[in-house]
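Dear colleague,

I am passing on to you the structure that we spoke of, and below it you will find what came out of going through it. Please read the text with the model open beside you.

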Amino acid sequence: MRKILLALFALALVVAFTAPSYAADFKMTGFYRVRGSSEAVEGDDGDKDRYLDALIRPRFTVKAGAVTSVWEPEFVSANGGFAIGPGRQTVGVNRWVIDFAVPGSALRIRMGRSDYFSPDKEIYDSGGRHREPGIALYGKLSKNISLSAFMTSAREDAGPNNDDKTDYYVSLGVKVSPTLTLSPWVANSRDAATGGYDYSYLGLHAKTKVGILSVNASGVIVEGDLSSGDELSGWAVLVRTSTSLGKLKLSGNLTMLSGNDGTKAGEDGRFRTPQEGGSGWFVGGHIMSSRRWTSLGNNIRSVHLGALNGATVIEGLVDYKVSKTLTLGGGVSLYNAAEPSLAANTMDAKEFGTELNAGFKWKIHPTLELRGVGAVIVRGDYGRVIGDPEADDGWAVGWTLRHIF
């Protein structure tokens with residue numbers, strides 16, 4: 001409640017100071033969502049997981065001159081029980097923002113619980129799942145150079161011991177040519193408490209167009225100290241491509257995350273995203289980790305990429321716009337670990353499995369949309385204990401009905 005009151009006070013303060021000089025523009029938007037899913041990771045004879053929740057998230061936006069204020073509470077009912085913001089880092093508030101211009105420049109300052117991203121929106125990804133309180137400075141430095149810098153505080157409501165968990169990030173976006181933008185960036189993610197972690201990142205993101213193909217590519221290295229005391233030394237390569245051919249959209253993704261071969265004691269080569277591996281949100285197939293068709297909750301991501309010893313993922317995706325209101329899609333994703341599992345008595349295998357998925361998006365009304373997805377995953381031998389039978393294949397289905405107001 002204290003944080004809700006603080007957010008309301010900040011919103012009122014901005015309006016109070018800007019009202020004498022500007023005519024404030026007040027707008028309420030938002031959405032109501034119901035979603036459900038069912039899955040069986042270990043085949044039909046294994047445990048099934050069913051999930052149902054409903055969420056309403058109104059957004060109140062006030063614009064007054066160069067100042068924008070946003071307050072966005074949320075209310076969730078999950079599996080028949082009522083809760084306010086389950087799994088969120090603030091009670092009942094999904095987002096609150098004060099965003100204003102820096103006088104005499106093209107830069108802006110953003111404060112509050114909001115979205116803070118790296119250029120790929122995957123290594124540093126605070127949107128939704130990782131939305132955090134922080135402060136950012138961003139905007140144009142010149143015609144061809146832009147700045148993005150932020151500091152965030154992780155899990156602010158988890159207790160006083162988390163006060164030392166902070167992320168620091170700075171990036172320059174350089175428009176080299178009309179079709180090529182390069183964004184080098186550096187970052188640090190740390191927990192200064194005793195036994196905490198300290199990761200430093202160096203990344204380069206490229207956004208370009210090659211013929212009819214749009215390409216987004218990133219290379220990142222990370223060095224530092226794990227909370228276990230081991231040294232961290234990992235890398236990631238992300239390549240995202242897409243092209244449109246009339247009503248058909250084709251996409252291809254390559255994800256490569258370094259693994260640990262276990263040969264060097266005291267060192268770990270597995271790539272970790274900020275916040276001890278908790279901040280990243282990689283695009284991918286529907287079971288493993290997806291935001292392409294619909295967000296089905298943590299339960300649908302039966303095995304997240306972080307559960308593997310590094311990863312090599314290759315996938316192809318297809319969208320076909322049948323009409324203005326209906327889109328069909330599908331894809332194939334090949335999942336492999338970068339290194340075999342380090343667990344005792346497991347096979348020397350890297351193949352986790354192959355996922356096949358299909359789904360649809362149906363715009364029932366300009367403000368009402370239904371999404372559905374189904375997926376099966378044919379399991380490989382990664383992590384299989386020697387002498388055990390082959391792992392069962394898995395499946396998952398899910399749907400989301402969203403009303404936007």
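**The largest nonpolar core**

The largest nonpolar core has 29 residues, and those that touch the most other members are I123, W185, Y199, Y201, F271 and F282. Several strands each supply at least two residues of this core, namely β11 (180-191), β12 (198-210), β13 (213-225), β14 (231-245) and β17. Of the strands, β14 gives the most to this core, with three residues. Please keep in mind throughout that this is a predicted model.

**The protein as a whole**

As for secondary structure, the protein has 21 strands and one helix. Of its 405 residues, 42% are buried, and the accessible surface comes to about 19,700 Å², with carbon and sulfur atoms accounting for 60% of that area. When contacts between residues at least 6 apart in sequence are taken, 55% of them join residues that are at least 24 apart.

Is G280 buried or exposed? G280 counts as buried, because its relative accessibility is 5% and the cut-off for buried is under 20%. In sequence, G280 and G306 are 26 residues apart, while in space their C-alpha atoms are 9.4 Å apart.

With best regards

Terms used
Residues are numbered from 1 along each chain as its sequence is written. This is a predicted model: local features need pLDDT of at least 70, side-chain atom pairs count only at pLDDT 80 or more; totals for chains, interfaces and linings use all residues. Side-chain values use heavy atoms; hydrogens and water are left out. Helices (H or I, at least four residues) and strands (E, at least two) are DSSP runs, numbered from the N terminus. Buried means under 20% relative accessible area, exposed over 50%, partly exposed in between (1.4 Å probe, protein chains only). Contact means heavy atoms within 4.5 Å. Accessible areas come from the Shrake-Rupley method with a 1.4 Å probe; for residues, only the protein chains shown count as cover. A nonpolar core is a set of buried Ala, Val, Leu, Ile, Met, Phe, Trp, Tyr and Cys residues joined through side-chain atoms within 4.5 Å.
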